[in-house]
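This report describes selected features of one structure: a strand sheet, a helix pair, a helix residue and several salt bridges. The sequence and the model are shown first.

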Amino acid sequence: MWTVLLLCVSVYLCIPSRSYGAFIISRDDQQDSDGTVLKLLKKRSVDSARIEVQSVKIDCKVASRFAHTVMTSTALNKANVSQEVFFEVELPKTAFITNFSMEIDSKLYVGEVKEKEKAKKQYEKAVSSGQTAGLVKASGRKMEKFSVSVNIAAKSNVTFTLTYEELLQRHFGKYEIVIRVTPKQLVQHFEIAADIYEPQGIAFLDYSAAFLTNELLPLVEKTVTDKKAHLSFSPTLDQQRKCPDCDGTLIDGYFYINYDVNRVQDLGDIQIVNGYFVHFFAPADLQRLPKNVVFVIDRSGSMSGKKMEQTREALLTILDDLYVEDHFGLISFDDKIVKWRPSLSKATKENVNAAKEFVKAIAAMGWTNINDAVLRAVDILTAAKKNNTVPENSASMIILLTDGDPTYGEKNLDTIKNNVQNAIGGNMSLFCLGFGFDVDYSFLDVMAKQNDGLARRIYEASDAILQLQGFYDEVASPLLSEVHFNYPEDKVNSLTGSYFKQLFNGSEIVIAGQLNDIQMNDLAVEVSAQGAGNDFVVKGQASAQKWDTIFPDQEYIFGDFTERLWAYLTIQQLLDKKDKGTPEEKANATAEALELSLKYNFVTPLTSMVVTKPENEDKPEDAFIADKLTEDQRKFTGTSTPSQTVPQTGYSYASSPVNFVDGDPHFIIELPDKNDALCFNINDKPGTIFNLVKDPLTGTVVNGQTIGDKKVDPASKNNTYFGCFGIIHEKFGIRLMVSTQEILVSEHGKQTKLFWSDNTSVKGLNMDLQVTKDRSLTVTLRNSVKFVIMLHKVWKKHPYHQDYLGFYTLDSHLFSQRVHGLLGQFYNGVQFEVSELFAGKDVDKLDAFMLVKGHRILVTRGWQKDFRNDVKNGENVPCWFIHNNGTGLIDGDLTDYIVSGLFKTN
């Protein structure tokens with residue numbers, strides 16, 4: 001039996017059956033609207049009252065935008081047997097966990113933050129001894145989840161406590177606190193409490209939750225005075241019920257608290273406490289700066305369909321939102337770069353309407369040349385400034401939208417980043433929008449940060465239009481550019497950052513630092529920037545005040561929050577720096593961020609939290625580990641096993657495996673029994689013939705010959721593809737040669753030629769062929785297997801690429817146990833085990849170790865394409881990628897599969 005409780009902080013308390021107990025669990029996984037997995041659990045005989053969730057409290061304290069949230073939950077095992085309780089916690093992905101503890105029968109087990117590598121070693125030890133580990137997973141777009149289980153003795157209770165901290169970000173003129181509350185059951189003592197203290201004064205405070213009915217709304221208590229606010233929500237058991245006789249709860253969803261502070265001084269608000277200072281800067285009533293913006297839109301083949309429709313619709317709305325004093329340009333790109341106009345245009349009604357016609361005509365096709373597209377945008381903005389065709393005090397920016405990696409022109413990511421950074425030269429900002437999960441988000445993120453911008457993932461969903469518009473709205477109204485904060489160099493140290501490219505309307509700049517003299521009472525400050533009309537310069541003096549003067553209500557304050565705010569900001573900026581600096585700067589930033597993470601007990605991408613669990617009669621002392629996810633790791637929303645978390649997506653593997661090779665050339669081995677797939681590439685010179693399938697019992701042989709590009713792009717590697725296949729069935733006397741130009745059929749000496757340009761069906765004695773014009777050939781052998789060969793047509797005048805083929809095996813289970821070949825060896829399945837997931841050299845993707853065929857090899861989680869249903873864009877197949885031509889996975893060496901002719905067997 002399971003008892004479940006979820007909060008945002010979201011917490012499940014789950015009590016499963018023991019092997020000797022009377023509980024039987026039936027579990028199914030369903031996805032709710034924002035991706036959270038809800039467990040559907042069925043009861044078989046024992047009343048859930050044996051586990052009583054006694055209390056849940058979420059306590060959030062905010063002092064000067066820095067939020068400290070503590071969630072506490074207590075459960076009692078009323079049964080006469082011990083039971084396992086699972087605890088799952090959701091928190092904002094921008095937060096750092098600072099503490100997690102379990103109190104069991106008055107004994108406290110506290111988490112310890114360690115360097116990730118040291119924690120990993122402890123985790124490996126736990127795995128090797130058969131112990132389990134708690135693992136972090138993504139939950140929706142803005143949350144993340146970690147879980148742990150603990151065995152509770154009969155008649156005993158457990159109290160879980162989670163603490164996390166974050167600096168609230170100001171967006172669209174307000175701060176937002178998000179609390180997810182989904183108990184899924186009635187709770188005896190349930191409470192949400194928030195206390196906010198802002199020395200500047202609170203301008204407004206609102207709250208909302210979809211589950212707040214007319215009956216629940218009066219239970220929210222809100223008190224707001226000049227500088228402090230208190231909000232609480234504590235429904236009784238009966239008030240939580242859906243109906244008087246129901247056990248179901250009304251409380252289910254997100255609870256939002258929004259507020260802003262008073263803003264009157266141009267200098268902003270500066271607080272000096274215990275040798276640390278924090279400077280909040282968001283002056284009111286500034287005139288908007290004119291902006292110069294170039295939209296760079298990916299129209300490669302992978303953008304076809306819904307993504308392109310949504311992009312066009314969002315752009316049409318964004319164009320309407322341009323201000324008349326703005327200047328703008330449009331570039332669409334695949335392997336060709338198309339500019340709407342050669343230079344920027346003022347956002348007049350006539351120009352906007354003309355741009356809309358250009359947008360309406362954007363169609364997806366071709367490859368992806370990110371490098372040249374961005375550089376063209378830089379050229380347009382640079383020329384506008386040089387030629388004085390835009391206002392002198394104006395903000396220049398590029399907004400890039402792409403859904404994939406570069407596949408044409410310059411493909412090396414480091415080279416592209418260097419090219420873009422050198423071209424921009426600090427003269428404009430670059431904002432990168434990554435559409436979906438095929439994109440290399442880390443590449444976009446670093447490139448944006450290197451050029452004073454930011455990256456954002458656009459999720460493939462029905463609201464993608466709103467996501468695109470929402471991002472534009474954030475950057476649509478720059479108020480200041482080239483913002484510099486100057487403090488006396490002999491008075492301060494360890495500044496978090498003193499230069500910002502832009503300040504946007506509705507946002508806020510936050511700087512923190514240390515004072516050289518903790519007894520110093522005054523701090524001179526100067527802020528300079530470019531404003532809409534004239535240069536913006538403001539000077540002032542900040543004075544230290546006594547703690548009890550700034551914060552007279554101690555119940556609102558948690559520890560030395562100003563110092564912790566400084567540490568939080570410093571770590572965030574160091575994590576950015578470690579991705580974009582020189583090798584020496586990256587190393588120094590990483591070391592410093594790690595040192596601060598450990599000192600302040602923050603779970604960051606460089607640290608992990610390890611919690612030791614109590615011993616019990618079944619196993620020795622246990623441990624679990626919690627990591628901080630990177631944005632690319634969030635693409636995997638896996639399920640956990642004792643030794644691993646297997647990344648999963650929404651892809652559905654067919655009950656009968658489809659093994660295939662397509663693209664450059666990518667081999668995909670589907671394993672439906674594991675709901676997973678393996679993949680590897682091969683690299684050899686064009687013209688090499690490989691044996692793909694060889695079954696001596698059925699007499700079936702399939703060989704494939706590679707081709708290269710028409711000529712090698714000097715800026716890229718020599719790509720190879722399969723351009724011709726030879727299929728033999730000795731018993732049926734069949735030889736079939738399939739190339740990108742024609743199909744030659746020979747059956748018992750009778751020959752036929754078919755062409756891709758026709759829809760054709762041919763039925764023979766032992767073989768049926770069906771040609772779908774310019775798309776596919778289906779080969780069905782009597783009482784045997786079926787093959788599908790896909791034709792990929794490339795524009796005839798393409799300077800480099802040419803048509804190529806993909807090969808798919810259906811009904812592979814009909815081959816004998818002796819089948820072999822690069823594909824054939826996997827037709828009867830393959831056993832493997834994946835463990836020890838970690839962020840490897842490519843920080844965008846998870847690496848792991850795989851045990852397969854007696855080898856322990858490094859693998860990477862990724863995707864390859866299945867083109868059967870969509871020959872242009874394909875469908876992503878999630879798989880574990882084996883490096884180095886499949887070494888360790890394939891039998892022998894790649895050269896063992898080379899044959900001397902298309903119809904040769906050796």
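## Sheet, helix pair and salt bridges

An open sheet is formed by four strands in the order E31-E29-E33-E34, with antiparallel pairing. Strands and helices here are DSSP runs, of at least two residues for strands (E) and at least four for helices (H or I), numbered from the N terminus; two strands pair if DSSP finds at least two bridges between them. The model is predicted: local features need pLDDT of at least 70 and side-chain atom pairs count only at pLDDT 80 or more, while totals for chains, interfaces and linings use all residues. Residues are numbered from 1 along each chain as its sequence is written, and side-chain values use heavy atoms, with hydrogens and water left out.

The edges of the sheet are strand E31 (499–504) and strand E34 (535–543); each has a single partner strand, so one side of each is left without a neighbour in the sheet. On average, neighbouring strands of this sheet are turned by 25° against each other, direction ignored. Strand E29 (residues 478–486) and strand E33 (residues 522–530) run antiparallel and are joined by four bridges. Opposite Phe 485 stands Val 527 in E33.

Helix H3 (residues 306–320) and helix H4 (residues 349–360) have axes that come within 10 Å and cross at roughly 175°. This angle makes H3 roughly antiparallel to H4, a label used for angles over 145 degrees. The axes are lines fitted to C-alpha atoms, for helices over the stretch in contact, and angles run from 0 to 180 degrees between N-to-C directions. From H3, Arg 312, Leu 315, Leu 316, Leu 319 and Asp 320 meet Val 352, Ala 355, Lys 356, Val 359 and Lys 360 of H4, where contact means heavy atoms within 4.5 Å. The residues of this contact comprise six nonpolar, no polar and four charged. In this division, Ala, Val, Leu, Ile, Met, Phe, Trp, Tyr, Cys and Pro are nonpolar, Asp, Glu, Lys and Arg are charged, and the others, Gly among them, are polar.

Helix H3 also holds Met 308. With 2% relative accessibility, Met 308 counts as buried (buried: under 20% relative accessible area; exposed: over 50%; partly exposed: in between; 1.4 Å probe, protein chains only). Neighbours within four places in sequence aside, Met 308 is in contact with Ile 297, Asp 298, Arg 299, Met 303, Ile 362 and Ala 364. The C-alpha atoms of Met 308 and Ile 362 are separated by 8.2 Å, although the two residues are 54 residues apart along the chain.

The structure holds 26 salt bridges, each defined as a side-chain nitrogen of Lys or Arg within 4 Å of a carboxyl oxygen of Asp or Glu. Three of them are tabulated below.

| Salt bridge | N to O distance |
|---|---|
| Asp 195 – Lys 61 | 3.6 Å |
| Arg 65 – Glu 508 | 2.9 Å |
| Glu 482 – Lys 501 | 2.5 Å |

Asp 195 lies in strand E15 (residues 189–197) and Lys 61 in strand E5 (residues 51–63), so this pair ties together parts 134 residues apart in sequence. Both Asp 195 and Lys 61 are buried.

Arg 65 and Glu 508 are likewise buried. Salt bridges that share partners join Arg 65, Arg 170, Glu 198, Asp 260, Arg 263 and Glu 508 into one network.

Glu 482 is partly exposed at 23% relative accessibility, whereas Lys 501 is buried, with a relative accessible area of 8%.

Terms used: Angles under 35 degrees count as roughly parallel, over 145 as roughly antiparallel, 65 to 115 as roughly perpendicular and the rest as oblique.
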